[in-house]
Amino acid sequence: MTLELAVILPTLNERGNLRGLERRLAAALEGVDWEAIIVDDNSPDGTADEARALSLENPRIRCIQRIDRRGLASAAIEGMCATAAPVVAVMDADHQHDPALLPKMLKAIGSGEYDLAYASRFAEGASTDKWGQPGRVKASGLANAIARRVTGVDLSDPMSGYFMMRAETLRQHAGGLSGVGFKILLDILATVSPPMRVKEFPLDFAARVAGESKLDRTIVFEFLVGLYDKWLGRVIPTRFALFGTVGAIGAVVHLAVLALTLWLVSASPAGVTTSKEAAFIVGQTVAAITAMTFNFELNNELTYADKRLRGLIPLLTGWAKFAAACAVGMVANIGVSSILMSRGIDALPAAICGIALASVWNFALSSRFVWGKYGT
Ligand code: GDD
Ligand code: MN
């Protein structure tokens, strides 16, 4: 037999789910020549070790262990590109997706009538009762509605994480996918053209067996980032847009702290005489340090969530490097804006040019030296 199907299983701390899943896959895919590729982001619980142990027992199981990488969508894409099988499926590794649908999906793709088969939690006959998370059901419904509007994709559940397609189609379009967040199916649907012919399967969405969901905390944020990425990501790269937004909020923080310091100084009891200039310098310094620390923290939480620095030492060194990057940016900002002004350009446009230059500079330096090993 030749390899027919690869099932991609992105994992983050799913050690306790793999063995049972291997058994369920083997049972569901009897008579099919399949392999399963576990794409693990170096989970601390040793998921990759467990995957390799399983692989020694059953060579249909393979493992890609990614170091310093994060993200469900990018894991799915890499897994789908790492097989010679002509058809690929992506599913969760926590037993929420029923493997019994796989042969049916394979049949639909094999018939040549469909380019995509997927399992919907909201199709006729589907159910989310066993999921046990009514809040998530509602949120998914809303996200689906927004996604349908923005991308023009008309499926009952474009947020689904369980689907199958031809590997070649994926490879052809892999370069155009954003790979951000976990909305991989939506991304594929919005990218592949001509539009895919889709076969929908109702899914009885189960409760997770072991471990906990990774999507709860950042779910809304990642969704919005994903939409932005599809919409404007090519014009202004998503990460830079996030960095810039954080910077703009930081500017507001700066002004607020400056105003507060000036007010505190002016309201200080008589006898403490401070010159206006001195108060301004103190205020600017306090404001700049506060705003920078705020920016560092927010960028660490959001812009570089996938590369987040953790622990006291990494945070302190990260902060120091970020401060150094900002200092260089500030010098560039002041330098350029004064040169422009000396050439007769008005203060405001000159200042805006200075800020723009400094943001690009700060972004480049900090993504390379603070958060990035590889400068992405
Ligand atoms: N490699 C890798 N890297 N895998 C990840 C990551 C990551 O950063 N984050 C999550 N995963 C894996 C999990 O280990 C699991 O196998 C699968 O991706 C889905 O993650 P869950 O944490 O179980 O997601 P969920 O159940 O809350 O979300 C479900 O609903 C979403 C739509 O609302 C899933 O079905 C998603 O696929 C779906 O998009
Ligand atoms: Mn899950």
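Axes are lines fitted to C-alpha atoms, for helices over the stretch in contact, and angles run from 0 to 180 degrees between N-to-C directions. The model described here is predicted.

On this basis, the axes of helix 11 (residues 312-342) and helix 12 (residues 347-369) come within 8 Å. Their crossing angle is roughly 155°. Angles over 145 degrees count as roughly antiparallel. Helix 11 and helix 12 are therefore roughly antiparallel to each other. The crossing of helix 11 past helix 12 is right-handed. In the contact of helix 11 with helix 12, 18 residues are nonpolar, six are polar and one is charged.

Helix 11 also packs with helix 10 (residues 276-303). Here the axes are 10 Å apart and the angle is about 120°. The crossing of helix 10 and helix 11 is right-handed.

A further helix pair is formed by helix 1 (residues 15-28) and helix 2 (residues 47-57). The axes of helix 1 and helix 2 come within 8 Å and cross at roughly 20°. Angles under 35 degrees count as roughly parallel. Helix 1 and helix 2 are therefore roughly parallel to each other. Their crossing, too, is described as right-handed.

The ligand site was examined next. Ligand 1 is surrounded by 27 residues. The closest are Glu14, Asp92, Gln96, Ser213 and Lys214. By class, the shell around ligand 1 holds ten nonpolar, ten charged and seven polar residues. Strand 1 (5-11), helix 3 (72-81) and helix 5 (134-151) each contribute at least two residues to this shell.

Polar side-chain atoms approach oxygen atoms of ligand 1 at several residues, including Glu14, Arg136 and Ser140. For Glu14, a side-chain N or O atom is 2.5 Å from an oxygen atom of ligand 1. For Arg136, the separation between a polar side-chain atom and a ligand 1 oxygen is 3.0 Å. For Ser140, the corresponding separation is 3.5 Å. On its own, ligand 1 has 730 Å² of accessible area, and the protein covers 97% of this area.

Two local backbone features were also found. The peptide bond from Ser193 to Pro194 is cis, and its omega is near 0°. Pro194 sits in the loop between helix 7 (184-191) and strand 7 (198-202). Asn42 has a positive phi of about 50°, although Asn42 is not a glycine. Asn42 is placed in the loop between strand 2 (34-40) and helix 2. Helix 2 is the partner of helix 1 in the pair that crosses at roughly 20°.

How values were computed:
Residues numbered from 1 in each chain as written. Chains lettered and ligands numbered in written order. Predicted model: local features only at pLDDT ≥ 70, side-chain atom pairs only at ≥ 80, totals over all residues. Heavy atoms only, no water. Near = heavy atom within 4 Å. Polar contact = N/O pair within 3.5 Å; in protein donor to acceptor, adjacent residues only side chain to side chain. Areas by Shrake-Rupley, 256 points an atom, 1.4 Å probe, with all protein chains shown as cover. Helix = DSSP H or I, 4+ residues; strand = E, 2+ residues; numbered from the N terminus. Nonpolar A, V, L, I, M, F, W, Y, C, P; charged D, E, K, R; others polar. Parallel < 35°, antiparallel > 145°, perpendicular 65-115°, else oblique. Left-handed = near helix turned anticlockwise from the far one by under 90°.
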